[in-house]
Amino acid sequence: MQLANEKTPGMSDANSSKPLLRLKNVKQHFPITAGLLRRQAGMIKAVDGVDFDLMPQENLGLVGESGCGKTTLGRTILHLYRPTEGQILFKDVNLTQLKPSALRALRPKMQMIFQDPQDSLNPRMTVGSIIAEPLDEHSTLKGKDRSNRVEELLDAVGLNPRYTNRYPHEFSGGQRQRIGIARALGLNPEFIICDEPIAALDVSIQAQVVNLLEDLQEKLGLTYLFISHDLGMIRHISKRVAVMYLGKIVELGPAHELYSRSRHPYTKALLSAVPLHNPGREAKRERIILTGDVPSPANPPSGCPFRTRCPIAETRCANSMPQPKKLSLGHWVACHLVD
Amino acid sequence: MIQYIIRRLLAAIPTLLVISFVIFAILDLAPSDPTGNLPMTVPSEVREKIRTSLGLDQPMHIRYYKWLVQFVVNEPLNILQHSFGVTVGDAENRTRILSWATRSPVIDLIVERTPQTLWVVGLSFLFGILIAIPIGIVQAYRQYSLFDQIGTFVAMLGFSVPTFFTGVVAIIVFSVQLKWFPMIYDTTLEITSWNNFVLQVKQMIMPVTVLAFYQASQLSRFMRAAILDNLNLDYVRTARSKGRSESAVLMIHVLRNSLIPIVTLIALGIPTIFGGAIITEQIFRVNGLGQLLIIAIEGADIPTVQTLTFLFAILIVLFNLIADVLYGMLDPRIRYD
């Protein structure tokens, strides 16, 4: 999605109030090196031109199949990778141009909850020191105040505050994810990227963690970017949903509208893959089954990235990349065949 | 933890007994003759008398038992008496393990030679570690950079070229051509003045460098691999997202986790210090433990070989235990109950 012009960037409403986060044509390309001298042989276009706005206290869901660039986009927003191109504005500060030290000073305000609760905690640090580390780095809390804050955080995520001296491996997956959440909350962030926070948990725990995240959002006024491939969960938790395919956002809109009146053929196919709870209706349900694999992000198809698997693709789809079209307030779709 | 250590120590006793017997049997069954190095003019009756005086006429199990008693009981009692002045039992008639070559107690020979080995081999081990760890860290952090490529090449050179080659090259270049350092390590040198100290340092430089190069080559590869294993793990990304500086991420999070295999490797390497660098000691004429072992083997001095080899075995078993204990202390996921 290229910028149409500076005033109306793709997929964001011009008349909206001040966004907390604004992405403008963000690209994240990784070089592929090959051969004896490790010359650059190509580019993995993991994120290839993404724009959207995120309002304060909003919860934007980001869905898409494996390898479409959801996680990379999340990490790029937080500058865990330097974006190749584009601008990321957080509270009107352009993160891409910040020096590493200035960026570090901003980190308390934007945090991430990681997908894997097992590996994302340092196995040799106690839970207390994992949670306290950001406090040491960014706050002046010391001694008793510091340990009180750690206990308060553990309590906030529903863990026993006496667990501070235990190590991560002594906890279950759901408890570890709570530790990850407590760590992210430590410095009162405004914006949290939840990178598939429930994917590694079993279903009974998923509900607990999602409810915890919702409660915390309400209590602390957080803004979430909720990355998931669980469409049902996104429908439950997010008011607005972005659908990503091969590094690009193909459809973005209010959750109720997107789930009931999706326009992009990829979104339709994705939604048709969600099973229904009623077995009788499930048996009769018509599914849109996509053929073929996701094209390699190193060598994406010309024009529309989805055209190779699209059931309704035409010749013009191969010729040009569809520009995002506004269908109704806040509902954007990038497809030539949608009017 | 204490219980675990005691259990391991108790388990080590039968292990060591078996090891000592295997060493004894191998040495005894080997066709070596302590009188073999004597001149041809010595008649065979005299040779036979010499063998009898060494106790070689007794059956093997008796000799093994005698050696074992001397090693396990007599020598420790002797050390106790000399160090603390505590006399237990009949000190006058207590037999010690005697070298067949020098007729002096083997333990005394070992005590005499240990300092040289510890200084040369120990220092090289220490320098090797001090060089290898930072190099390994930088190599891993800047993987595939020019520094990494050069480091990999030098390390490959270091452990594929044996010390008897690098040692000789060092002697030719720095002793013969440039005349910077002495060719032979002088053990009699006593450090009484600044001049002597400088001499001591000078004669240690070459053997220490050659050995440290060899040690660092191996260790830096392990260090690099250990850091690389950890560098891309999720908890490192977590640390970055906490807003920690790169140096804190690397030194606190990555390094501490990467050191677990390295510390084990170092602990297991310490017994090899005592073993001496047999070849390097030969080349630089450092009369340390390695050289003692070589001379004893050449002269079929079985008590010396037996005692030295068994001491190495004890050290290896001991440091294995230390490595395991360190592992448990460094990695909270490992528990010994």
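How much area is buried between chain A and chain B? About 2,300 Å² is buried between the two chains, and carbon and sulfur atoms give 52% of that area. Buried area here is the accessible area (1.4 Å probe) that two parts lose on being put together, summed over both. Welcome to this predicted model, in which local features need pLDDT of at least 70, side-chain atom pairs count only at pLDDT 80 or more, and totals for chains, interfaces and linings use all residues. Residues are numbered from 1 along each chain as its sequence is written, chains are lettered from A and ligands numbered from 1 in the order in which they are written, and side-chain values use heavy atoms, with hydrogens and water left out.

**Where the chains meet**

- Chain A brings 24 residues to the contact and chain B brings 18 residues, where contact means heavy atoms within 4.5 Å.
- Pro123(A), Arg124(A) and Glu133(A) supply 29% of the area that chain A buries against chain B, more than any other three residues.
- Three salt bridges are counted between chain A and chain B; a salt bridge is a side-chain nitrogen of Lys or Arg within 4 Å of a carboxyl oxygen of Asp or Glu.
- Glu133(A) forms a salt bridge with Arg244(B), and their closest N and O atoms are 2.7 Å apart.
- Shared partners link Arg104(A), Glu133(A), Glu137(A), Lys242(B) and Arg244(B) into one network of salt bridges.

**Salt bridges within the chains**

- Over all chains, the whole structure holds 23 salt bridges.
- Arg240(A) and Glu58(A) form a salt bridge, with the closest N and O atoms 2.3 Å apart.
- Arg240(A) lies in strand 9 (residues 240–245) of chain A and Glu58(A) in the loop between strand 2 (39–54) and strand 3 (59–63) of chain A, so this pair ties together parts that are 182 residues apart in sequence.
- Helices (H or I, at least four residues) and strands (E, at least two) are DSSP runs, numbered from the N terminus.
- Both Arg240(A) and Glu58(A) are buried; buried means under 20% relative accessible area, exposed over 50%, and partly exposed in between (1.4 Å probe, protein chains only).
- In chain B, Arg96(B) pairs with Asp108(B) in a salt bridge, the closest N and O atoms being 3.2 Å apart.

**Chain B as a whole**

- Chain B has 12 helices and zero strands.
- Its C-alpha trace spans about 80 × 60 × 40 Å along its principal axes.
- Of the 337 residues in chain B, 43% are buried.
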